[in-house]
Amino acid sequence: MEGRTVVILIDALGDEIARAHDFQPTSLGYRTRLRTVLGFSQAALTSILTGATPAEHGLWMMYRFDRRRSPFRFVDALAPFGGTGRRMIRDLIRWKVGRLDRVTGYYSLYRVPAGILSRLDLPARRSVFERGGGGRCRTVLDEASLRGDLFVRDYRTPSAQAFDDLEESLRAGRAAFNLLYTAELDSDLHAYGTRDRRVGERLDAFAERIDRIARTFSDARLLVLGDHGMCDVCGTADLMGKVEKAGLGALTDLIPFYDSTMARFSVRQGDTRRRLEDLLSSLPGGRLLSDREREDLGVPAAECGYGDPIFLCDPGIVILPSHMSIEPVAGMHGYHPDAPCMDSLLLSRDPIPPGISTICDLAPLLLPGFVGGEGSA
Ligand SMILES: [Zn+2]
C-alpha cells in the first residue's frame, strides 16, 4: 500500500525522560522537542489530533462547572444512600453516564464529593479516538476515516497486545492510517517518578517494538510522539485545608475543584471572590493565573466554566489532598508549559519539516493534507 502512516502516541513521553533513559529507536533518525499545552492529557491529545488550542477545541479539563448540563445531577438524590466513595453508588453513576448519557470519553470519578460532582459537566462526551471526539474541531481521525480504513488502538488495549494488533493490521495492509496510543508510561511515571529503572525498561520495550515495525514495514511513514512530559514531585500544597480554614468551604459560596496541580473555583458572589483571591495569592507553591496569561496560553477564558480564579502549582508541587488523590504520587504533569520537564518530543523516520515546535503543529504532519477547523460535533 502506498503512503501509509504509523503514529505511535506515547502518553507522557517527555523530552527530558527520553534523554535520561536514552530512548532513541534506531530507526528514527529525526527528533524535535515539542512544547505542550497547559492542562492534562485530554487537552493535549485533543490538541494533537485537531491542531487546535484548548480554547479553540474546548476540551480543556475533564470536568467543567455546569450544573445544568451535568450528567451527575441525579447524584444529589443518592445522598441518603452514601457518598461517591461507596462502590454501589459509583457503579450506578458509571452505568447512568455510560448507558443513558452515552458518554464514551475517558473520565474518572476519583474522589470527587457528591455535592461537587452534581455541579460538574463532562465536556468530552466522546473519546478523542472516536469520530467526532475533537470537541468543536475535526480530528485527524475524522479526516483519515473519510479517505479509507483506519487502525486505532487506545489505552483500553494493553500495549503489548496493541503492538501485536498493529503489526497484524500492517501485514494485512488494509489501513492507510494507523494510530497506537498507550498510557502505560504515564502510569509508571506517576507511580515511580522519572528516573526509575522500570521507566527505562518500559521505554526499552517500546523502542524494540518500534524498531521491529520500522524494519518490517519499511514503506510506512513512522512517527513517535508524546503529549506532555512529567515532573518529579518534590512537595505538596494543602489548598483544601487552607480554603476551609479561611471559612470559604461552604458550597453555597463557591464550588471548588482540586485537580492535582490546579485548583479551580466557581465563585457565586463578589466578596467571596476577593477573600479567595487574597488567600490564594498569599499561599506558597503556586500562583493565580491571570486572564491575560490564559489567553496567551490558548486555554479557555474565565467565562467558559472551567473556573475563575485558577491556582496553578509550581512545577513539582501537587495539591494534596485533592479530588484526584489523597496519596502522594512520585511524578505529575499539568504544570505551566514553560517548565522544561513539561516538554514532549517527536521522533520521525523522515526529516521533520520546519515550524513544528508545539503539539498544536502536529496534525498536518500526522495526516498530510489535514484541513481541520470546526467539526460537526
Ligand atoms: Zn498522567
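Me: Into which domains is the protein chain divided?

Reply: This is a predicted model, in which local features need pLDDT of at least 70, side-chain atom pairs count only at pLDDT 80 or more, and totals for chains, interfaces and linings use all residues. Residues are numbered from 1 along each chain as its sequence is written. Domain bounds come from an automatic or database domain assignment. The division gives domain 1 (5–57 + 127–232 + 337–364) and domain 2 (234–328).

Me: How many residues does domain 2 bring to its contact with domain 1?

Reply: The domain centres, taken over C-alpha atoms, are separated by 31 Å. Contact requires C-beta atoms, placed from the backbone, to lie within 7 Å. Domain 1 gives ten residues to the contact, and domain 2 gives seven.

Me: By class, what makes up the side of domain 1 that touches domain 2?

Reply: Helix H3 (54–57) and strand E8 (231–232) each supply at least two residues of that side. Helices (H or I, at least four residues) and strands (E, at least two) are DSSP runs, numbered from the N terminus. Ala, Val, Leu, Ile, Met, Phe, Trp, Tyr, Cys and Pro count as nonpolar, Asp, Glu, Lys and Arg as charged, and the others, Gly among them, as polar. That side has seven nonpolar, two polar and one charged residues.

Me: Which strands stand at the edges of the six-stranded sheet, and why?

Reply: The open sheet has mixed pairing and runs E2-E16-E7-E1-E6-E5. Two strands pair if DSSP finds at least two bridges between them. An edge strand has a single partner, so one side is left without a neighbour in the sheet: here, E2 (30–34) and E5 (150–153).

Me: Which residue of E7 is the bridge partner of valine 6?

Reply: Strands E1 (5–10) and E7 (221–225) are parallel and share five bridges. In E7, valine 6 is partnered by leucine 222.

Me: At about what angle does helix H7 run to E6?

Reply: Helix H7 (159–172) lies across E5 and E6 (177–182). Axes are lines fitted to C-alpha atoms, for helices over the stretch in contact, and angles run from 0 to 180 degrees between N-to-C directions. For H7 and E6 the angle is about 175°.

Me: Within what arc do the buried residues of H8 fall?

Reply: In H8 (184–192), Leu185, Asp186, Asp188 and Leu189 are buried. The arc is that of the directions from the helix axis to the C-beta atoms. The buried residues line one face of H8, because they fall within an arc of 160°.

Me: Which elements are included in what covers the buried residues of H8?

Reply: After H8 comes glycine 193, with a positive phi near 90°. The cover over the buried residues includes E1, E6, H9 (197–216) and E15 (331–332).

Me: Which residue in E11 stands opposite phenylalanine 257?

Reply: The open antiparallel sheet of four strands has the order E10-E11-E13-E12. E10 (254–258) and E12 (286–288) are its edges, each pairing on one side only. E10 and E11 (262–267) are joined by five bridges. Opposite phenylalanine 257 stands arginine 264.

Me: Is isoleucine 310 buried or exposed?

Reply: Isoleucine 310 is in strand E13 and touches Met262, Arg264, Leu288 and Leu289, leaving out residues up to four places away in sequence. A residue is buried if 20 or more other C-beta atoms lie within 10 Å of its own, exposed if 12 or fewer, and partly exposed in between. Isoleucine 310 has 24 such neighbours, so it counts as buried.

Terms used: Contact = placed C-beta atoms within 7 Å.
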